[in-house]
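Colleague: I'd like to learn how to read a few features of a model with you. Could we take them one at a time, the general idea and then the case?

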Amino acid sequence: MTAPVTSIAHQVAARALGWLHTHREFGALPPDTTADLGDPNSVYKPLGETALAGSLVLRESAAGSAEMQAARELLDFSWVQLREGDMLYERQLRHQLMTDPLETYAHFARSGYRHEGMERLLRHNAGLRSVRAIEHMPNRKLAVANAARVARIDYDVDWMRLTQATWLGATPEPWAIDWMTAYSVTHTVFHLTDWGARPEGLPRQISRYLSTWVPVWIDIWREVAQWDLLAELMIVGCCLREPVCDPENWALLAEVQHEDGLLPRDGEPVAEDPEQRFNDHQHTAVVAAVAGTIAVSRTLAGTPAPGTGAPDRGAGPGGPA
């Protein structure tokens, strides 16, 4: 089972990363962009997502030399767009309670990009009651906690309490899940495990629950051609203590992916205009690059196939056992 997953996952990730790299200029910030960002979701958020993909490719070091170079160039491009961290610093300084500057900065810090002023500001903010008390959805609190961990900012985090506050933390009736909740579930897993680097960050009960139900949820969104969510759930499978990596799902993802690397977000027709194609499907390309990267890394590491029993790493600093 491992060999075909590794090969197909590498192909999917390499193509997606190549597509992001080829079309990266479509993700450039408008020249007059300020730190106030009238529409953060338009370009700023996708830049951070691209940086995430690049940072994970470099972290795992499981890609070929061309992909490693493309990942570094994507990070360089995104870092320059954000004025080498100055924009993140200005945004955090002006909007003290916003967490997106920290979350975006973490992707760069993971790969060695540092901004001294930003780090001083983040350390200062971490000691403020007003910042620690920001009201977020539970999975978003985990996002901030993991970003602080990656950026080495000393936050006082009770991982068990944060986990139990999420929908997934209740190990709820699995048939009650809906589209938005499914995305919340995926991100709960991403942040508890730092995108697969800390499988032990998932409590055992939750890991067993997901081992049972992730394949079912994948089947549901596979049937309705929601490729973006399906790929996110496949990342979840790769993050478990005993990974769930079905070769059939990887074969399907490779079949749906376009020759140039674009992965459609759903079963709707894809626009012909290159810039519109990028705007519509950049996120799914990021998800595909991340999914493939983590799948390759975990299968190459010799992780046992589901059901054979993974080695017990114990409870690490990422979360409860």
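Colleague: Which helix gives the largest share of the lining of the largest pocket?

Modeller: Start with the general idea: rolling a probe the size of a water molecule over the atoms shows where empty space is left. Here a pocket is an open set of points on a 1 Å grid over the protein atoms alone, where a 1.4 Å probe fits, with protein on both sides within 12 Å along at least five of seven lines; lining residues have an atom within 4 Å of a point. Helix 14 gives the largest share of the lining of the largest pocket, ten residues. Helices are DSSP runs (H or I, at least four residues), numbered from the N terminus. This is a predicted model, where local features need pLDDT of at least 70 and side-chain atom pairs count only at pLDDT 80 or more, while totals for chains, interfaces and linings use all residues. Residues are numbered from 1 along each chain as its sequence is written, and side-chain values use heavy atoms, with hydrogens and water left out.

Colleague: How much space lies in the largest pocket, and which residues are closest to its centre?

Modeller: The largest pocket holds about 1,400 Å³ of space, a volume being the space filled by probe spheres set on the grid points, which are joined across faces, edges and corners. Its lining counts 49 residues, and Asn 41, Lys 45, Glu 49, His 187 and His 283 are the closest to the centre. Two or more lining residues come from each of helix 2 (44–60), helix 5, helix 8 (138–151), helix 10 (179–192), helix 12 (227–239) and helix 14 (274–300).

Colleague: How does the lining of the largest pocket divide by class?

Modeller: There are 20 nonpolar, 17 polar and twelve charged residues in the lining. In this scheme Ala, Val, Leu, Ile, Met, Phe, Trp, Tyr, Cys and Pro are nonpolar, Asp, Glu, Lys and Arg are charged, and the others, Gly among them, are polar.

Colleague: Now helices. Where does helix 11 bend?

Modeller: A bend at a residue is the angle between axes fitted to the seven residues ending there and the seven starting there. Helix 11 bends by about 35° at Trp 213, and Pro 215 follows within four residues. End to end, the 20 residues of helix 11 (204–223) reach 29 Å from first C-alpha to last, close to the 28 Å expected at 1.5 Å a residue. That expected span is 1.5 Å times one less than the number of residues.

Colleague: Which residues of helix 11 are buried, and what covers them?

Modeller: An α-helix has 3.6 residues a turn, so residues three or four places apart point the same way. Buried means under 20% relative accessible area, exposed over 50%, and partly exposed in between (1.4 Å probe, protein chains only). In helix 11, the buried residues are Ile 206, Ser 207, Tyr 209, Leu 210, Val 214, Trp 217, Ile 218 and Trp 221. Their cover includes helix 9 (159–164), helix 10, helix 12 and helix 13 (247–256). Helix 12 reaches 19 Å from first C-alpha to last, close to the 18 Å expected.

Colleague: Which residues does Asn 146 touch?

Modeller: Contact means heavy atoms within 4.5 Å. Asn 146, in helix 8, touches Arg 110, Trp 159, His 191, Asp 194 and Trp 195, not counting residues up to four places away in sequence. Asn 146 is buried because its relative accessibility is 3%.

Colleague: And is Ala 16 buried or exposed?

Modeller: Ala 16 sits in helix 1 (residues 2–22) and counts as buried, at 0% relative accessibility. Not counting residues up to four places away in sequence, Ala 16 touches Gln 257, Gly 261, Ala 285, Ala 288 and Ala 289.
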